[in-house]
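Grab a pencil and work through these exercises with the model open beside you. Each one has a task, then a solution in steps.

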Amino acid sequence: MPIEDADELRRVLGYDRVAVVGASTSYEKAAHIVPAYLGRHGYELRPVNPTADEVFGKRAYDSLADVSETIDIVEIFRPSEEVPAIVEQALAREDVKVIWMQPGIQHDEAARKAEAVGVDVVQDRCMKVEHGQLIRNPMD
């Protein structure tokens, strides 16, 4: 069952290494705005975008398999029909703890598959919004 409880969301937001699948170089897109916010709040970003060389001033990877650094959270900014393949790539790694699907993105079958092997899943929620409501210091 995907995580919806505030305490569980706080727990997964405590991880800090985020692979952003579908990270955008377009400043006006959510796939740029949300991870840029996360980067400003201490998260280590690993952008995954096969059409870009660099996003957020960091090397962009072609796929999750190409990311050499540790990943805690796989944040997905791709259409729901692409989720199963992304989850397969995430589960092929030994370091992924959370699959996070942004608003409008969900895939129940892929979510169940991830949960069956102990990976937490968040669906149809914005990581920036949840961080802002549950974690961020009001003085930031």
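**Exercise 1. Find the volume of the largest pocket and the residues closest to its centre.**

Step 1: the volume comes out at about 180 Å³. A pocket here is an open set of points on a 1 Å grid over the protein atoms alone, with protein on both sides within 12 Å along at least five of seven lines. The volume is the space filled by probe spheres set on those points, using a 1.4 Å probe.

Step 2: 14 residues line this pocket, and closest to its centre are Val21, Val48, Pro50, Asp62 and Arg78. To count as lining, a residue needs an atom within 4 Å of a point.

Step 3: helix H3 (residues 83-91) gives the most to the lining, with three residues. Helices are DSSP runs (H or I, at least four residues) and strands are E runs of at least two, numbered from the N terminus.

Before you go on, a word on the model: it's predicted, so local features need pLDDT of at least 70 and side-chain atom pairs 80 or more, while totals for chains, interfaces and linings use all residues. Residues are numbered from 1 along each chain as its sequence is written, and side-chain values use heavy atoms, leaving out hydrogens and water.

**Exercise 2. Work out which residues of H2 are buried and what covers them.**

Step 1: in H2 (residues 30-40), look for Ala31, His32, Val34, Pro35, Ala36, Tyr37 and Leu38, which are buried (under 20% relative accessible area; exposed is over 50%, partly exposed in between; 1.4 Å probe, protein chains only).

Step 2: their cover includes strands S1 (17-21), S2 (44-48), S3 (54-55) and S5 (73-76), plus helix H5 (127-134).

Step 3: now check the packing of H2 on H5: the angle is about 40 degrees and the axes are 9 Å apart. Axes are lines fitted to C-alpha atoms over the stretch in contact, and angles run from 0 to 180 degrees between N-to-C directions.

Step 4: H2 brings Ile33, Val34, Tyr37 and Leu38 to this contact, and H5 brings Met127, Lys128, His131 and Gly132 (contact: heavy atoms within 4.5 Å).

**Exercise 3. Is aspartate 95 buried or exposed, and what does its side chain reach?**

Step 1: aspartate 95 sits in the loop between H3 and strand S6 (98-101).

Step 2: aspartate 95 counts as buried because its relative accessibility is 17%.

Step 3: its side chain reaches the backbone nitrogen of isoleucine 71 at 2.9 Å.

Step 4: leaving aside neighbours within four places in sequence, aspartate 95 is in contact with Glu69, Thr70, Ile71 and Asp72.

Conventions
A polar contact is a pair of N or O atoms within 3.5 Å; within protein, one must be able to donate a hydrogen and the other to accept it, and residues adjacent in sequence count only if both atoms are side-chain atoms.
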